[in-house]
Amino acid sequence: MRGDLEWGSIPGLVGSAAERYADVEAVVDGRTRISYGELGARVERAAAACIANGVSPGDRVGIWAPNTVDWIVSALGAVSAGAVLVPLNTRFKGTEAADVLQRSGARMLFVTGTFLGTSYVASLRRAAGEGAGSGPLPGLPALEQVVVLSDDAPADFRTWKDFLASGDAVGDAEVRARASAIPGSAPSDIVYTSGTTGRPKGAVISHAQTLRAYEVWSDLAGLRQGDRYLIVNPFFHTFGYKAGVVACLMRGATMIPQPVFNVDTVLANIAAERVSVLPGPPTLHQSLLDHPAREAHDLSALRLVVTGAAVVPLRLVERLRGELGVDTVLTAYGLSEASGIVTMCRRGDDPSVIASTSGRTIPGAQVRVVDADGRAVGPGVPGEVLVRGFNVMRGYYEDEAATAEVVGPDGWLRTGDVGVLDGAGNLRITDRLKDMFIVGGFNAYPAEIEQLLGLHPDVADVAVIGVPDPRLGEVGKAYVVRRPGSVTTADDLIAWARREMANYKVPRSVEFLGELPRNAGGKVVKGELRGRSGPAGEAGRRWGS
């Protein structure tokens with residue numbers, strides 16, 4: 001089925017879901033429980049308010065808030081009014097959020113009140129409260145309105161309740177006419193990259209691309225009506241919004257948004273809400289399996305897990321199936337510039353394929369692996385991963401130079417990821433090109449080393465970076481999170497590594513941490529690890545250099 005042809009646009013999908021699944025529970029958010037029919041009505045009311053406040057087709061509307069029902073309603077309302085959604089990372093500081101709002105030319109912003117002890121309104125005021133503009137944030141002259149998703153707001157901002165009431169004079173016919181006029185080719189959102197390796201850039205994705213990609217995702221994952229989907233992946237990330245909200249709209253699954261990852265809350269939600277679908281990074285599932293109170297919770301409804309990362313230990317796949325009885329465990333690979341999805345495993349794949357690869361190219365897309373000169377390499381040979389197909393972005397927003405650097409005239413997208421294809425077409429991502437380091441002339445890929453170290457029975461989580469070395473140029477340093485109760489030392493781990501991998505891959509030092517620094521999308525922030533002070537004592541035990 002081609003979702004882009006069936007629904008035309010995301011507003012078309014919302015309207016279809018409201019009709020097809022009218023009485024099905026759509027969203028559970030704390031004490032709030034609404035059906036698809038009620039969700040459709042709320043989205044139309046939010047769209048009416050956007051229209052009443054001057055939002056025109058193509059206007060950018062930002063949203064800076066955690067996973068809640070109000071995020072879903074305000075975002076879909078803005079898109080239904082023809083706006084291009086600009087989701088902001090909830091871990092941004094005020095200056096970072098203001099930068100994205102300024103560069104995207106956002107006309108309106110939906111923002112949470114206080115989240116994780118931080119007043120987002122106050123941080124925005126500090127970052128953009130002064131300037132030549134006359135709106136609520138003078139430093140952002142294009143931003144005409146800021147709507148606080150709360151009952152309280154500063155005098156020059158608006159509360160969510162007041163904003164919704166302002167659209168009461170806009171009739172249903174006008175709202176539906178606006179929504180139905182949105183072509184599939186129109187941009188639906190601008191997803192800004194995580195910024196772990198530089199200034200975030202905005203990938204422009206259309207309605208048709210989104211619908212087609214997540215119809216494919218839903219088919220391959222086997223998402224179905226009646227599923228209850230705990231969405232821990234943040235909505236500002238492609239995976240949280242599109243493999244979460246959009247996919248649920250397609251299938252009539254129940255969305256259970258969780259604003260912050262907390263393993264105790266995840267366990268409680270799975271048991272209380274009979275959660276059947278739980279996508280997320282491997283660390284989420286690992287912490288679930290290792291939680292000392294796991295046995296006290298009924299997790300028997302869980303049937304589908306989708307994860308994705310360079311490192312997915314085979315043991316994790318086996319434990320999810322064996323200990324939790326999860327029928328389907330899949331891995332996938334994607335990036336914002338390719339609508340969030342490039343390859344995916346298929347149901348029925350062997351556990352070793354699921355653990356060691358990200359699956360095969362999705363229908364409608366192509367993948368090539370090339371050497372430094374752009375020549376395709378054969379199976380088993382690492383190179384840069386290139387992608388072409390319907391899922392490739394239209395470009396970076398108002399940045400033709402940056403777009404030209406990654407998308408060639410023939411439509412191939414340079415991902416910056418290093419990967420290997422096997423004989424069956426399964427892709428294994430081994431690293432980021434930027435993360436590769438050279439040990440005495442040998443290319444070392446941190447993700448490959450992490451995958452190997454992850455096989456050690458006492459390693460719960462691991463990240464590897466290259467550090468300067470006077471003799472070899474660079475060598476590996478491993479940051480390791482031990483499993484509960486483990487007393488493994490750096491000497492133990494290095495000695496084990498010497499037996500399990502080539503000499504140049506073995507980390508020369510190990511530092512133990514309570515947890516790895518990750519952004520809200522689950523990616524390890526390696527820049528933070530590189531910025532840590534030099535190792536000391538056992539943490540920095542070195543050998544052979």
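Buried means under 20% relative accessible area, exposed means over 50%, and partly exposed lies in between, with a 1.4 Å probe and protein chains only. Arg-274 is partly exposed by this rule, because its relative accessible area is 38%.

The model is predicted: local features need pLDDT of at least 70, side-chain atom pairs count only at pLDDT 80 or more, and totals for chains, interfaces and linings use all residues. Residues are numbered from 1 along each chain as its sequence is written, and side-chain values use heavy atoms, with hydrogens and water left out.

**The whole chain**

The C-alpha trace spans about 75 × 55 × 45 Å along its principal axes.

Colour by burial next: 58% of the 545 residues count as buried. Then show the surface, which comes to about 21,200 Å² of accessible area, with 49% belonging to carbon and sulfur atoms. Accessible areas come from the Shrake-Rupley method with a 1.4 Å probe, and for residues only the protein chains shown count as cover.

Contact means heavy atoms within 4.5 Å. Among contacts with a separation of 6 or more, 67% are between residues 24 or more positions apart.

**Helices H5 and H6**

Select residues 94–104, which form helix H5. Its buried residues are Gly-94, Ala-97, Ala-98, Val-100, Leu-101 and Ser-104. They cover an arc of only 160 degrees around the axis, which puts them on the same side of H5. The arc is that of the directions from the helix axis to the C-beta atoms. These buried residues pack against E3, E4, E5, H6 and strand E10 (187–192). Just after H5, click Gly-105, which takes a positive phi of about 65 degrees.

Move on to helix H6, residues 120–128, where Tyr-120, Val-121, Ser-123, Leu-124 and Ala-128 are buried. Seen down the axis of H6, they fall within an arc of 165 degrees, so they line one face of the helix. Their cover includes helix H5, strand E3 (60–64), strand E5 (108–111) and strand E8 (145–148).

**Ala-83**

Select Ala-83 in the loop between helix H4 (69–80) and strand E4 (84–87). Is Ala-83 buried or exposed? At 0% relative accessibility, it counts as buried. Leaving aside neighbours within four places in sequence, Ala-83 is in contact with Val-55, Asp-59, Val-61, Ala-78 and Ser-188. For a distance, pick Ile-205: it is 122 residues from Ala-83 in sequence and 13 Å away in space, C-alpha to C-alpha.

Go to helix H13, residues 314–322, with Leu-316, Val-317, Arg-319 and Leu-320 as its buried residues. Looking down the axis of H13, they lie within an arc of 165 degrees, so they line one face of the helix. What covers them includes H12, strand E14 (304–307), E15 and helix H14 (351–356).

Gly-15 lies in helix H2 (residues 10–20) and is partly exposed, with a relative accessible area of 32%.

Most residues other than glycine have a negative phi. Where is Arg-274 found? Look in the loop between helix H11 (263–273) and helix H12 (282–290). Phi of Arg-274 is near 55 degrees, a positive value in a residue other than glycine.

Ser-339 also has a positive phi, near 60 degrees. Find Ser-339 in the loop between strand E15 (328–333) and strand E16 (343–344). Ser-339 counts as buried, at 1% relative accessibility.

**Last stop: Lys-477**

Select Lys-477 in strand E26 (residues 473–482). This lysine counts as buried at 4% relative accessibility. Pro-136 is 341 residues from Lys-477 in sequence and 47 Å away in space, C-alpha to C-alpha.

Note on methods
Helices (H or I, at least four residues) and strands (E, at least two) are DSSP runs, numbered from the N terminus.
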